[in-house]
There are 2 protein chains.
Amino acid sequence: MGQIIDGKNISKLIRSEIKDRTAAFTDRYGHEPKLAVILVGEDPASKIYVSNKHKACLQTGIGSIVIEMSEDTEETVLIDKIKELNEDSTVNGILVQLPLPKHLNEKKIIEYIDPRKDVDGLTLANSALLYNGNTDCLAPCTPRGVIEILKKEGIKISGKHAVIVGRSMLVGKPLAMLLLNENATVTVCHSRTEDLGAVTRTADILISAVGRPGLVKAEDVKDGATVIDVGTTRVDGKLRGDVDFDSVFEKDVRITPVPGGVGPMTITMLLMNTLQAAEMQEEER
Amino acid sequence: MGQIIDGKNISKLIRSEIKDRTAAFTDRYGHEPKLAVILVGEDPASKIYVSNKHKACLQTGIGSIVIEMSEDTEETVLIDKIKELNEDSTVNGILVQLPLPKHLNEKKIIEYIDPRKDVDGLTLANSALLYNGNTDCLAPCTPRGVIEILKKEGIKISGKHAVIVGRSMLVGKPLAMLLLNENATVTVCHSRTEDLGAVTRTADILISAVGRPGLVKAEDVKDGATVIDVGTTRVDGKLRGDVDFDSVFEKDVRITPVPGGVGPMTITMLLMNTLQAAEMQEEER
């Protein structure tokens with residue numbers, strides 16, 4: 001019988017720590033850490049995400065501004081806005097909500113964000129630091145959330161075999177780097193992997209991040225493993241993970257549910273990155 | 001009974017291809033691709049490496065200049081020399097021979113090399129490109145040599161399980177990225193890995209790059225595996241790899257010897273990177 005890892009609760013715990021650290025920051029420097037989110041267009045899902053980020057900031061004492069730009073915003077106008085926020089010393093974190101409308105080149109635009117304010121950890125500069133083993137760079141929020149879940153649950157990482165399914169720049173690869181920094185043995189699998197089950201069965205820590213509901217079944221998981229489900233796919237209006245929860249939960253595993261597992265951690269890590277960016281910027285002054 | 005992978009021969013083959021491509025380049029653009037190597041100090045091993053690189057350039061039609069600087073060279077003087085070579089349009093590749101004397105900060109100095117001329121692939125900019133899955137960036141020479149060996153030997157990489165022992169920025173990590181680009185399932189092990197043998201036994205392609213003679217024994221290798229030995233340690237005046245060659249060779253494996261395996265490929269890939277850098281620079285003009 002499995003044991004549920006309650007991501008909501010861990011997230012609540014960390015947000016309360018962030019709230020305390022934010023209060024201390026504001027006390028010390030006389031201003032709040034502040035996040036600026038740029039939202040281009042009218043995508044309903046993006047609007048909800050941005051609104052949730054805004055609320056989470058306010059709940060933890062972090063200042064938040066949301067800059068809404070029209071669907072047909074020109075590239076140069078968006079870039080000028082980013083440059084303005086880079087220069088604005090009251091803004092500590094900048095996030096461009098993705099996806100952007102099709103006429104805008106996401107990769108190019110992200111690179112205009114000052115790496116010190118890049119709280120999504122998506123610039124080449126921050127990814128290079130992470131790849132090079134830097135342990136206090138701004139790392140992408142979701143993989144950072146996975147690490148925090150493992151740590152808060154007291155799951156040993158060092159020396160253990162972590163198997164990641166998925167090699168995206170948003171989750172798979174940065175998570176591999178973060179796990180290597182924690183001294184795990186790390187395997188990255190993907191759509192081309194032959195006999196995926198044979199590999200996942202060797203995992204002490206199994207993380208799936210591909211968005212294929214039911215991909216990981218009971219027979220793909222070792223007894224005693226920790227299973228972290230990063231996948232989120234909407235099926236018939238319900239959110240489903242990559243892991244066939246019901247069958248895997250029959251085993252002796254610790255497992256994150258979907259929803260209520262990794263999901264709540266992503267915004268929490270955005271708050272953490274914003275606070276960390278603010279602290280780094282103040283130390284540099 | 002094993003089968004030896006003859007790195008010397010593969011290297012010879014590739015150098016002959018490079019020679020042809022270099023001749024075509026020189027024909028087309030009216031000048032040779034050119035490598036500049038900076039050697040600081042009197043380290044005897046470094047002197048031999050630099051001399052070998054110089055000879056290899058000349059043998060393949062690549063221009064080569066060696067800049068020797070005294071042991072006590074100041075940082076600013078070295079950086080000014082790099083800047084001068086960055087500006088020099090007749091120089092296509094720049095390499096600072098490592099290790100540098102202790103008073104010089106290698107990481108800092110390397111960053112002054114124009115990434116387009118960084119034929120060792122060591123700048124943050126090039127490592128970020130590699131990590132982000134760019135397939136035509138300048139990648140570090142030794143891991144690139146490993147990939148070329150596998151390709152020239154006709155060893156299937158896509159879908160196969162590659163296990164790397166060692167996570168250095170010179171070999172382990174860039175090799176993981178190159179193998180992911182080739183669609184291998186990739187595992188990175190290191191000194192903290194628990195039960196290393198259990199992991200290496202799952203490898204279709206096993207690469208060891210740690211510098212511990214005899215680390216990989218027959219029982220750590222699966223029948224049918226390809227074993228690439230990147231380790232080189234001098235023991236009683238003899239070069240030894242990480243793999244216990246004699247016992248592993250008894251099995252049904254393909255294996256690179258030390259010396260004569262990966263070693264010869266490193267300089268060959270430096271030639272390849274120099275030629276590639278020159279071609280990219282000409283295309284940009």
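Two strands are taken to pair if DSSP finds at least two bridges between them; helices (H or I, at least four residues) and strands (E, at least two) are DSSP runs, numbered from the N terminus. The structure is a predicted model, in which local features need pLDDT of at least 70 and side-chain atom pairs count only at pLDDT 80 or more, while totals for chains, interfaces and linings use all residues. Residues are numbered from 1 along each chain as its sequence is written, and chains are lettered from A and ligands numbered from 1 in the order in which they are written.

In chain B, three strands form an open sheet in the order S3-S2-S4, with parallel pairing. Strands S3 (63-69) and S4 (93-96) of chain B are at the edges and have a single partner strand each, so one side of each lacks a neighbour in the sheet. From one strand to the next, the twist averages 15 degrees. Four parallel bridges join strand S2 (residues 34-40) of chain B to S4(B); B:Ile38 has B:Val96 as its bridge partner in S4(B). Helix H3 (residues 75-87) of chain B packs on this sheet and touches S2, S3 and S4 of chain B (contact: C-beta atoms, placed from the backbone, within 7 Å). The direction of H3 makes about 175 degrees with that of S2(B) (axes are lines fitted to C-alpha atoms, for helices over the stretch in contact, and angles run from 0 to 180 degrees between N-to-C directions).

Within S4(B), B:Gly93 and B:Leu95 point one way and B:Ile94 and B:Val96 the other, and all are buried (20 or more other C-beta atoms within 10 Å of the residue's own).

The contact between the chains takes 24 residues from chain B and 24 residues from chain A. On the chain B side, helix H5 (124-131), helix H7 (172-181) and strand S6 (185-189) each give two or more residues, and S6(B) gives the most, with five residues. Strand S6 (residues 185-189) of chain A pairs with S6(B) in the antiparallel sense over three bridges, and A:Thr187 stands opposite B:Thr187.

Note on methods:
Two residues are in contact if their C-beta atoms, placed from the backbone, lie within 7 Å. A residue is buried if 20 or more other C-beta atoms lie within 10 Å of its own, exposed if 12 or fewer, and partly exposed in between; C-beta atoms are placed from the backbone.
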